[in-house]
Amino acid sequence: MQRRLAAIVHADLAGFARLMEGAESRTFRNLKTAQIDVWRPAIEAGGGRLVGTAGDALLAEFNSAVAAVSSAIDIQERMALFNESLDDAQRMLFRIGVHLGEVIVDEEDQNIFGDGVNLAARIQGIAEPGGIAVSRAVRDMTELRLDYAFIDGGEHRLKNVSRPIHVFHVRQAARAAATTAQSTPQVKLRVEGADSSGVPYAFDVSLDRLASSSSGMVIGRAAGHCELIVSHATVSRRHARLMLAGEALQIEDLGSTNGTSVNGKPVPAGMCLPLQVGGRLRLGDVELSIRQI
């Protein structure tokens, strides 16, 4: 069994189910074109290797963290140009996660496995649509181009990862400077609680990041499709959406199987209710409280 250190790039298409539902054949054609005309050339130009694709997900390997991040930036810049030719409803926004870690290599087909690959996939879920998120290991090993900067995304509890992972976002320098100015001091919410058996669950929410996301942040158990993870059987894959309306925090139920409630009041599917610090949020069998940190 072969092992090696690698910089792993994992990508996933945001809103893939919505795109496929609206125009299945066209979305498939656009996705294949992006893979051939954008992803493969950018990865090869960076000295990397496209390990494989699965539906809307892509996995690539580099022997350098610097090369991996540079290629991720190149991909997002190429995708921005690619999207100019598409209607707004069909534009393809990939989340990209980058991690530096040890991988196990299948000598038969050169596929890669292991904790490093899993972490790259989890970090990808934290990235913004059309954005890049990296682990601290990658940030510490990488010097960005002058027109890009790292923005601290804080520590996250990720599905099936026992330790908190510190994540950084890669943004254009002008946007990063504006974000930094707006986020000092950075305000975070801690959402924590337990299920009926006493098993604890928690996640942190940066209000700066929430304010910068026009579509809010999705809470659910599917790491590849949510920004905030609550890995419990009664929590749907995409359970609820947290968002800011002006300065008011709101929660929207996304048609979850086991429901969402605020202070004991059910949130109808597709509707929003205000959510305040000190309030109680229930997702399925998980009861959570909200406090500022």
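Predicted model: local features only at pLDDT ≥ 70, side-chain atom pairs only at ≥ 80, totals over all residues.

Student: OK, so which strand is R171 in?
Tutor: R171 sits in strand 8.

Student: And is R171 buried or exposed?
Tutor: Buried. The cut-off for that is under 20% relative accessible area, and R171 has 4%, so it counts as buried.

Student: What does the side chain of R171 make a polar contact with?
Tutor: With the side chain of E128, at 2.5 Å.

Student: Let me zoom out. How many helices and strands does the protein have?
Tutor: There are seven helices and 19 strands. The radius of gyration is 19 Å, close to the 19 Å that the globule rule gives for 293 residues, so the protein is as compact as a globular protein of that length.

Student: What does the C-alpha trace span along its principal axes?
Tutor: About 55 × 40 × 40 Å.

Student: And how much of the protein is buried?
Tutor: Buried residues are 48% of the 293. The accessible surface comes to about 13,900 Å², and carbon and sulfur atoms account for 50% of that.

Student: What about contacts between residues at least 6 apart in sequence: what share join residues at least 24 apart?
Tutor: That share is 58%.

Student: Now helix 4. Is it mostly covered or mostly open?
Tutor: Mostly covered. Helix 4 runs over residues 115-124, and eight of its 10 residues are buried.

Student: Which ones are buried?
Tutor: G116, V117, L119, A120, A121, R122, I123 and Q124.

Student: And what do the buried residues of helix 4 pack against?
Tutor: Several strands, including strand 1 (2-13), strand 4 (94-105) and strand 8 (165-172).

Student: Last one, T27. Where is it?
Tutor: T27 is in helix 2, which covers residues 24-45.

Student: Buried or exposed?
Tutor: T27 counts as buried, at 0% relative accessibility.

Student: So which residues is T27 in contact with, leaving aside its neighbours within four places in sequence?
Tutor: F16, L19, M20, Q90 and M92.

Key. Residues numbered from 1 in each chain as written. Heavy atoms only, no water. Helix = DSSP H or I, 4+ residues; strand = E, 2+ residues; numbered from the N terminus. Rg over C-alpha atoms; globule rule 2.2 N^0.38 Å. Buried < 20%, exposed > 50% of the residue type's maximum accessible area, 1.4 Å probe, protein only. Contact = heavy atoms within 4.5 Å. Areas by Shrake-Rupley, 256 points an atom, 1.4 Å probe, with all protein chains shown as cover. Polar contact = N/O pair within 3.5 Å; in protein donor to acceptor, adjacent residues only side chain to side chain.
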